[in-house]
Amino acid sequence: MKLLIFAGSTRQNSFNRKLAATAAAMARDAGATVTHLELSGLNIPLYNADLEAQGTPPDVIQLKQLMFEHPAWIICSPEYNGSYTALLKNTIDWASSPVKGHPDWAQGTKPFEGKVVGLLSASPGGLGGLRSLSHLTPLLSNLQCWVAPRQFALGGAGQAFDADGMLHNEAHRQGVQSVLKQVLWAGARLHGPTGL
């Protein structure tokens with residue numbers, strides 16, 4: 001199973017970037033073929049229809065292709081003001097915007113349709129960013145993703161990672177593992193030989 005993992009943050013010491021790295025390592029251990037995408041590596045401007053009319057940025061096309069090629073995703077979402085980040089919304093807005101006249105990307109939902117998506121979050125607070133996931137779920141469902149019902153929000157994230165950036169608490173590792181397991185299970189059934 002090809003699994004795409006990314007976090008909705010580019011901050012250097014982001015807890016959600018650390019959580020994405022942990023999830024990527026655990027998914028590889030489980031046998032998945034993992035692409036760990038850092039959004040900071042893509043040159044994607046703030047979405048603007050006038051800018052788009054001048055030509056969709058090449059990195060947006062690259063993002064669409066990456067999303068399309070991976071039947072399963074893990075998104076690690078920070079929580080800003082009780083919701084997901086502007087970076088994550090901007091990424092999704094560009095990825096879902098149709099490219100007029102393009103042979104592959106004229107349909108906006110093509111990178112999203114049928115993808116199995118697992119949601120994780122991390123926050124210094126007690127809820128662990130859970131409210132961001134409650135907002136992100138209907139957004140992804142509207143784009144025709146299959147959002148895994150099992151989610152994990154890591155509270156107290158400031159004390160949750162060791163010096164190597166990995167989770168040191170077994171209960172936290174099991175929380176991430178439970179989401180990974182469900183996503184890989186569902187992805188194999190939806191996108192296997194008898195699936196979509």
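Reader: Let's start with Asn81. Where does Asn81 lie?

Author: Asn81 is in the loop between strand S3 (72-76) and helix H4 (86-95). Those labels come from DSSP runs numbered from the N terminus: helices are H or I with at least four residues, strands are E with at least two. One thing to know before we go on: this is a predicted model, where local features need pLDDT of at least 70, side-chain atom pairs count only at pLDDT 80 or more, and totals for chains, interfaces and linings use all residues. Residues are numbered from 1 along each chain as its sequence is written, and side-chain values use heavy atoms, leaving out hydrogens and water.

Reader: Okay. Is Asn81 buried or exposed?

Author: Buried means under 20% relative accessible area, exposed means over 50%, and partly exposed is in between (1.4 Å probe, protein chains only). Asn81 comes out at 86%, so Asn81 counts as exposed.

Reader: And what about the backbone angle phi of Asn81?

Author: Here's the general idea: most residues other than glycine have a negative phi. Asn81 has a positive phi, near 50°. Gln144 has a positive phi too, near 75°. Gln144 is found in the loop between helix H5 (130-142) and strand S5 (146-147), and its 43% relative accessibility makes Gln144 partly exposed.

Reader: Next, salt bridges. How many salt bridges are there?

Author: In general, side chains of opposite charge can pair when their charged atoms come close. The rule here is a side-chain nitrogen of Lys or Arg within 4 Å of a carboxyl oxygen of Asp or Glu. That gives three salt bridges. One of them joins Arg17 to Glu38, with 2.9 Å between the closest N and O atoms. This pair links distant parts of the chain, 21 residues apart: Arg17 is in helix H1, and Glu38 is in the loop between strand S2 (33-37) and helix H2 (49-53). Glu38 is partly exposed, at 26%.

Reader: Which residue does Glu79 form a salt bridge with?

Author: Its partner is Arg131, and the closest N and O atoms are 2.5 Å apart. Glu79 belongs to the loop between S3 and H4 while Arg131 is in helix H5, so this pair ties together parts 52 residues apart in sequence. Arg131 has a relative accessible area of 45%, so Arg131 is partly exposed.

Reader: What about Lys89 and Asp93?

Author: Their side chains meet in a salt bridge, at 2.9 Å from N to O. Both are in helix H4, four residues apart, so about one helical turn separates them. Lys89 is partly exposed at 30%, and Asp93 is partly exposed at 26%.

Reader: Now the rings. How many aromatic pairs are there?

Author: Rings of Phe, Tyr and Trp (its six-membered ring) pair if their centres lie within 6.5 Å; planes under 30 degrees apart count as stacked, over 60 as edge-to-face and the rest as tilted. By that rule there are four aromatic pairs. Phe15 and Phe161 make a stacked one, with 6.5 Å from centre to centre and 0° between the planes. Phe15 is in helix H1 (residues 15-29) and Phe161 in the loop between strand S6 (152-154) and helix H6 (170-191), so the pair ties together parts 146 residues apart in sequence. Phe161 is buried, at 12%.

Reader: How do the rings of Trp73 and Phe112 sit?

Author: Their centres are 5.6 Å apart and their planes are at 70°, so that pair is edge-to-face. Trp73 lies in strand S3 and Phe112 in the loop between H4 and strand S4 (116-122), so parts 39 residues apart in sequence are tied together. Trp73 is buried at 0%, and Phe112 is buried at 0%.

Reader: Which rings does the charged end of Lys110 sit over?

Author: A charge sits over a ring if NZ of Lys or CZ of Arg is within 6 Å of the ring centre and within 35 degrees of the ring normal. The charged end of Lys110 sits over the ring of Phe68, 4.9 Å from its centre, and over the ring of Trp105, 5.0 Å from its centre.

Reader: To finish, how many helices and strands does the protein chain have?

Author: The chain has six helices and six strands, and from the N terminus the order is β-α-β-α-α-β-α-β-α-β-β-α. Buried residues make up 50% of its 196 residues.
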